[in-house]
Amino acid sequence: MSQSQLLGPAEIRALAAHLQLRPTKSLGQNFLHDPNTIRRIVRTAALPPDAVVIEVGPGLGSLTLGLLDEAERVVAIEIDPTLARQLPLTVAERAPERAPRLRVITADALQVTEIDGRPPTALVANLPYNVGVPVLLSLLQRFPTLRSALVMVQAEVADRLAAPPGSKVYGVPSVKTAWYGRAERAGAVPRAVFWPVPNVDSGLVRITAHESPPLPDGVTRADVFTVIDLAFSQRRKMLRSVLGEWAGSPARAEEILLAAGVAPTARGETIDVAGFARIASARVG
Ligand code: SAM
């Protein structure tokens, strides 16, 4: 099979004119129009030939066409019905042999709980900026068959997702992402490759899923996430005071933290995900 004809600036302009499209900021509609960047993203995703990919926000199909060259199946979830309707037509025109590999779901990705057919194995997406983190975390939670994710987000969000404990930008998105897998920065993407040009820089983050989450006996993911949310709700406070109410009292919080091997005077920003799991477990154990 020959490679798909990817969308360049002229094709993006023509499609947008045909659809009378007015890209909206609220849906984070900035479309890629650079085939080299698309090839780079697809290469960085390193998909095995049997990959079943979820793509959130396919837009005009720039990345979708690139993904269809590599994956067995692409499930594209698009909230904008005009774009969702056009996508199969674009693929039929530019990559007709691969059209059967595409499934389009017209929906808000935050609401999708089921996907028919073989379970998804990878997430690859140029995420809408305003909902990037919740979309990423909710898909990792709902589809535990995902083995990897490669997402493009605002550069600062990329830094936050991949931040280690103790770094300035380490926070709730970093720890919750680390729950699902190992996150690392996978390159920058310049503004000029988008139409319209956004007023922020973008970056790629690759997440490689853990074989199994760091879950001690007797606790659930939700228990661990409660501790994480509390620990960062008042960033500057010590854990023994911020967890006082959750534990029953600051004294009990101190006992739990000591049992978990965490200094009661520590702050959430220095604790890794395994530490938060031990804290949740020490409360029940
Ligand atoms: N993937 C395309 C590309 O790279 O050119 C478009 C990416 S654009 C940054 C984000 C896309 O996500 C838009 O097509 C937008 O309509 C869509 N979108 C925004 N919010 C969404 C949501 N909650 N669920 C699904 N799609 C969404």
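In which sense, left-handed or right-handed, does α7 pass α8? In this predicted model, α7 passes α8 in a right-handed crossing. The points below begin with that helix pair, continue with two further pairs, and then turn to the pocket, the cavity and the backbone.

**Packing of α7 with α8**

- The axes of α7 and helix α8, the latter formed by residues 221-231, come within 10 Å and cross at roughly 160 degrees.
- An angle over 145 degrees counts as roughly antiparallel, and α7 is therefore roughly antiparallel to α8.
- On the α7 side the contact is made by V172, V175, K176, W179 and Y180, and on the α8 side by R221, V224, F225, I228 and D229.
- Sorted by class, the residues of this contact between α7 and α8 comprise seven nonpolar and three charged ones, with no polar residue.

**Packing of α5 with α7**

- Helix α7 (residues 172-180) also packs with helix α5 (residues 132-142), at an angle of about 25 degrees and with the two axes 10 Å apart.
- Because angles under 35 degrees count as roughly parallel, α5 is described as roughly parallel to α7.
- The crossing of α5 and α7 is left-handed, whereas that of α7 and α8 is right-handed.
- From α5, the residues V133, L136, L137, L140 and Q141 meet P173, K176, T177 and Y180 of α7.
- The contact of α5 with α7 divides into six nonpolar, two polar and one charged residues.
- K176 and Y180 of α7 take part in the contact with α5, and K176 and Y180 are also listed in the contact with α8.

**Packing of α11 with α12**

- Helix α11, covering residues 250-259, and helix α12, covering residues 273-284, have axes that come within 8 Å and cross at roughly 120 degrees.
- The crossing of α11 and α12 is right-handed.
- In this contact R252, I256, L257 and A259 of α11 meet I279, A282 and R283 of α12, and the residues involved are five nonpolar and two charged, with no polar one.

**The largest pocket**

- The largest pocket holds about 410 Å³ of space, and its lining consists of 29 residues, with L27, G28, G57, E78 and P128 lying nearest its centre.
- At least two lining residues of the largest pocket come from each of β1 (31-32), β2 (52-56), α3 (62-70) and β3 (73-78).
- The lining of the largest pocket includes 17 nonpolar, nine polar and three charged residues.

**The cavity**

- The largest cavity is lined by T44, A45, L47, A122, L123, V124, S148, A149, L150 and R206, a set made up of seven nonpolar, two polar and one charged residues.
- Each of α2 (35-45), β5 (122-126) and β6 (148-154) contributes at least two residues to the lining of the largest cavity.

**Backbone geometry**

- Most peptide bonds are trans, and most residues other than glycine have a negative phi.
- The peptide bond from W195 to P196 is cis, with omega near -15 degrees, and P196 is found in the loop between β8 (194-195) and β9 (202-209).
- Q20, although not a glycine, has a positive phi of about 50 degrees, and Q20 is found in the loop between α1 (9-19) and β1.

Notes. Residues are numbered from 1 along each chain as its sequence is written. This is a predicted model: local features need pLDDT of at least 70, side-chain atom pairs count only at pLDDT 80 or more; totals for chains, interfaces and linings use all residues. Side-chain values use heavy atoms; hydrogens and water are left out. Axes are lines fitted to C-alpha atoms, for helices over the stretch in contact, and angles run from 0 to 180 degrees between N-to-C directions. Helices (H or I, at least four residues) and strands (E, at least two) are DSSP runs, numbered from the N terminus. A crossing is left-handed if the near helix is turned anticlockwise from the far one by less than a right angle, and right-handed if clockwise. Contact means heavy atoms within 4.5 Å. Ala, Val, Leu, Ile, Met, Phe, Trp, Tyr, Cys and Pro count as nonpolar, Asp, Glu, Lys and Arg as charged, and the others, Gly among them, as polar. On a 1 Å grid over the protein atoms alone, a cavity is a set of points where a 1.4 Å probe fits but cannot get out, and a pocket is an open set with protein on both sides within 12 Å along at least five of seven lines; lining residues have an atom within 4 Å of a point. Grid points are joined across faces, edges and corners, and a volume is the space filled by probe spheres set on the points. Angles under 35 degrees count as roughly parallel, over 145 as roughly antiparallel, 65 to 115 as roughly perpendicular and the rest as oblique.
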